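Please look over the model shown here. A brief report on selected features comes after it.

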Amino acid sequence: MEGGYDYFPNGSRVLKRGTSAEDYTCGHPTPLVQRPPDWDGNATMIRRIENSGPYLQGSLGHMFIPMQEKWYGGKHCFTKAKITDWTLRVVKAGGAITWATALDEDFNSIPEIQLDQLETINRVVRRWKAEEKEGEAEEKEEL
């Protein structure tokens, strides 16, 4: 597929897909008007990244998804367990994940629940990376 732009009937434009796996208009497999972002069906993208090693048709597997029911705000959707699990699965597979956060009414801070979950994600990913390094060091010692 070629780069460049695609145009919607109203004249607005979006980047063309580099591969059929890319989606610049929705950010995840199922549009928010159909299902909330924490719907288990959205884990399809995670499985694709896990099974592709981590490239999808030549592009790095990347999931961009809101933590709340709408891109800009609304009810927070994810449990700490699910958001940590999804993130760790993508990272372990070598892919990337970006969480879109809501902003408060003044647009100057992230809701406490989301900040807490982002801090938990950071701790869990750092712990996993440290364990990976430790395991690699032990393997080298055994050789």
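The report below covers a strand pair, some aromatic contacts and a surface patch.

## Basis

This is a predicted model: local features need pLDDT of at least 70, side-chain atom pairs count only at pLDDT 80 or more, and totals for chains, interfaces and linings use all residues. Residues are numbered from 1 along each chain as its sequence is written, and side-chain values use heavy atoms, without hydrogens and water.

## Strands β5 and β6

Strand β5 (residues 62-66) pairs with β6 in the parallel sense, over 5 bridges. Pairing requires at least two DSSP bridges between two strands. I65 has W99 of β6 as its bridge partner. Helices (H or I, at least four residues) and strands (E, at least two) are DSSP runs, numbered from the N terminus.

## Aromatic pairs

There are 3 aromatic pairs. Rings of Phe, Tyr and Trp (its six-membered ring) pair with centres within 6.5 Å; planes under 30 degrees apart are stacked, over 60 edge-to-face, the rest tilted. F64 and W71 make a tilted pair, 5.0 Å centre to centre with 35 degrees between the planes. F64 is partly exposed at 34% relative accessibility; W71 is partly exposed at 31%. Buried means under 20% relative accessible area, exposed over 50%, partly exposed in between (1.4 Å probe, protein chains only).

The ring centres of F78 and W99 lie 4.9 Å apart with planes at 75 degrees, so this pair is edge-to-face. F78 sits in the loop between β5 and α2, W99 in strand β6, 21 residues apart. F78 is buried at 3%, and W99 is buried at 11%. F78, W86 and W99 form one aromatic cluster.
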